[in-house]
Amino acid sequence: MTEFLISKYNYWIYVILIMIGFYGMMAKNNLMKKLIGMNIFQWSIILFYISIGSKKGGTVPVIDPSLHPAIRAIDYINPLPHVLMLTAIVVGVATTGIALTLLILVYRKYGTLEEDEILEALKK
Amino acid sequence: MVRVLDDVVIRTVSRILVPFMQIYSLYVFVHGHGSPGGGFQGGCIMAASFILLAVAFDLREAKKRIKERTNAIFCALGVFIYAGTGYLSFLYSGNFLDYGKLSNLLPTDPVKARYYGMAMIELGVQITVMAVMFSIFLDLVTAGKHEEMLEEEE
Amino acid sequence: MNKIAALVVTLMVGGFLFYSTASFPKWGDPNQPASIHVSPRYIEKTLAETKVPNAVTSVLADYRGYDTMFETSVIFTAGIAVMMLLRRSR
C-alpha cells in the first residue's frame with residue numbers, strides 16, 4: 001500500500017489540478033474566472049503528458065556526437081511527448097487570445113461580465 | 001487610456017535590456033540544433049522584448065520601432081517561408097517537405113541537406129510567432145481603437 | 001448552477017480519475033507503452049539520418065514536419081481572427 005502511494009504520486013497531483021480547474025469553470029460567476037479555470041485545466045493536461053516521457057536514469061535527449069555507433073535508447077528520455085506538447089502550448093495561447101477578445105466584445109455590448117446579469121439581459 | 005510611466009529606474013533598465021533580449025533570442029534560435037531551443041522559444045523571447053518596450057515606455061515608442069503594416073506582413077511571411085520550403089522539393093521530384101532532395105540546390109550531400117532544411121523552416125516559425133504575439137498584445141491592450149488611444153495625451 | 005452541485009460533480013469526476021490511476025505505469029518505467037514503439041527509432045537514427053544531435057528538434061521539424069506546419073497556420077489564423085474581430089475602421 002505504501003509502495004502504491006509513493007510510486008504514483010505524480011498522477012495524483014495532476015488529478016488535483018484538473019479538479020481545481022474544473023470546479024473553477026463550473027461554479028464561478030464571473031466570466032474571467034471561468035476563463036482562468038479553463039487555463040488551469042489545460043496546463044495540467046500538458047504537464048501530465050510531459051511526465052509520461054521520463055525514464056529512470058535517463059538524461060536530456062541531446063545526443064553526444066562522439067559516441068556515434070553505440071547509442072542506446074534507454075539512456076535518453078522520450079522526446080515524443082515534449083514535441084507534441086510544444087504544439088499544444090501554442091494552440092493554448094491562440095485559444096486564450098481569442099477568448100479574451102470575445103470577452104472584450106461581450107463587455108462592450110452588455111456592460112458587465114457577470115454571468116447571471118448577462119442571462120437576464122438575454123431573456124428580454 | 002494608456003498611461004505613461006515616468007520612473008527613471010524602469011526607463012533606464014529597460015533601455016539597456018531590450019537589445020540584449022533580442023540578441024539572446026537569436027542565440028536561442030541558432031543553437032536549436034545542438035542544445036534545447038528552436039523556433040518557438042526564440043520567437044517568444046523576441047516578442048517579449050517589444051512588449052517590454054511597450055510597457056515601460058509609451059505605446060507610441062514601440063510602434064515607432066516596428067510599424068503595424070510591417071508586423072502584419074511578417075505574420076504571413078513566416079508561413080510562406082515554411083510552405084515554400086516544402087514546395088521547393090517538388091521541383092526535384094521529391095515528396096512534400098522532403099529535405100533530402102534539396103541537395104540538388106545546395107552544395108552538400110543529402111544527409112546534411114536535411115540539417116539546412118530544418119534551419120530554414122525554423123526561421124519561418126520564429127518570424128510568425130514573434131509577429132503574431134506582438135499583434136495580439138497590441139490589439140488587446142488598445143481594445144482595437146489604435147488611433148484613438150494614441151491621440152489622447154494626458 | 002449553484003456551488004453545491006458543482007462541488008459534488010467535481011468530487012465524482014475526481015474519484016473516477018483517482019480510481020483509474022491504479023492501472024497507469026509507474027513513474028519513470030523504461031518499459032511503458034509510450035516508450036517502446038516508435039521513439040527508440042527516433043533516438044537511435046537521428047544522428048545517422050539527419051546530422052542534428054537534438055532529438056526534440058529533429059522530431060519536430062523533420063519526422064513530424066506536417067504537424068508543425070499546421071500549428072504555425074493555427075497561430076497565424078488566431079492572429080488574423082483577433083485583428084478582424086477587434087479593429088474597426090472609421
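## Fold of chain B

Chain B contains 6 helices and 0 strands. Its order along the sequence is α-α-α-α-α-α. The model is predicted.

Contacts in chain B were sorted by sequence separation. Among those between residues at least 6 apart, 59% link residues at least 24 apart.

Along the principal axes, the C-alpha trace of chain B covers about 60 × 30 × 20 Å.

How much of chain B is buried? Of its 154 residues, 32% fall in that class.

## The largest nonpolar core

The largest nonpolar core holds 47 residues. The members that touch the most other members are Val129(B), Met130(B), Val132(B), Met133(B), Phe134(B), Ala55(C) and Val59(C). Three chains contribute helices with at least two residues each. From chain A comes α4. Chain B supplies α1 (8-30), α2 (39-56), α4 (68-88) and α5 (110-142). Chain C supplies α2 (39-49), α3 (55-63) and α4 (65-86). Which helix gives the largest share of this core? That is α5(B), with 13 residues.

In soluble globular proteins, nonpolar side chains tend to be buried together. Setting aside neighbours within four places in sequence, Met130(B) is in contact with Gly43(B), Met46(B) and Ala47(B).

## Chain A against chain C

On this interface, 42 residues of chain A are in contact with 40 residues of chain C. Three helices of chain A give two or more residues to the side that touches chain C: α2 (9-27), α3 (31-52) and α4 (80-110). The largest share of that side comes from α4(A), at 13 residues.

What is the class make-up of the side of chain A that touches chain C? There are 28 nonpolar, 11 polar and 3 charged residues.

## Chain A against chain B

Here 7 residues of chain A are in contact with 5 residues of chain B. The side of chain A that touches chain B has 5 nonpolar and 2 polar residues. No charged residue is part of that side.

On the side of chain A that touches chain C, α4(A) gives the largest share.

How values were computed. Residues are numbered from 1 along each chain as its sequence is written. Chains are lettered from A and ligands numbered from 1 in the order in which they are written. This is a predicted model: local features need pLDDT of at least 70, side-chain atom pairs count only at pLDDT 80 or more; totals for chains, interfaces and linings use all residues. Two residues are in contact if their C-beta atoms, placed from the backbone, lie within 7 Å. Helices (H or I, at least four residues) and strands (E, at least two) are DSSP runs, numbered from the N terminus. Ala, Val, Leu, Ile, Met, Phe, Trp, Tyr, Cys and Pro count as nonpolar, Asp, Glu, Lys and Arg as charged, and the others, Gly among them, as polar. A residue is buried if 20 or more other C-beta atoms lie within 10 Å of its own, exposed if 12 or fewer, and partly exposed in between; C-beta atoms are placed from the backbone. A nonpolar core is a set of buried Ala, Val, Leu, Ile, Met, Phe, Trp, Tyr and Cys residues joined through C-beta atoms within 7 Å.
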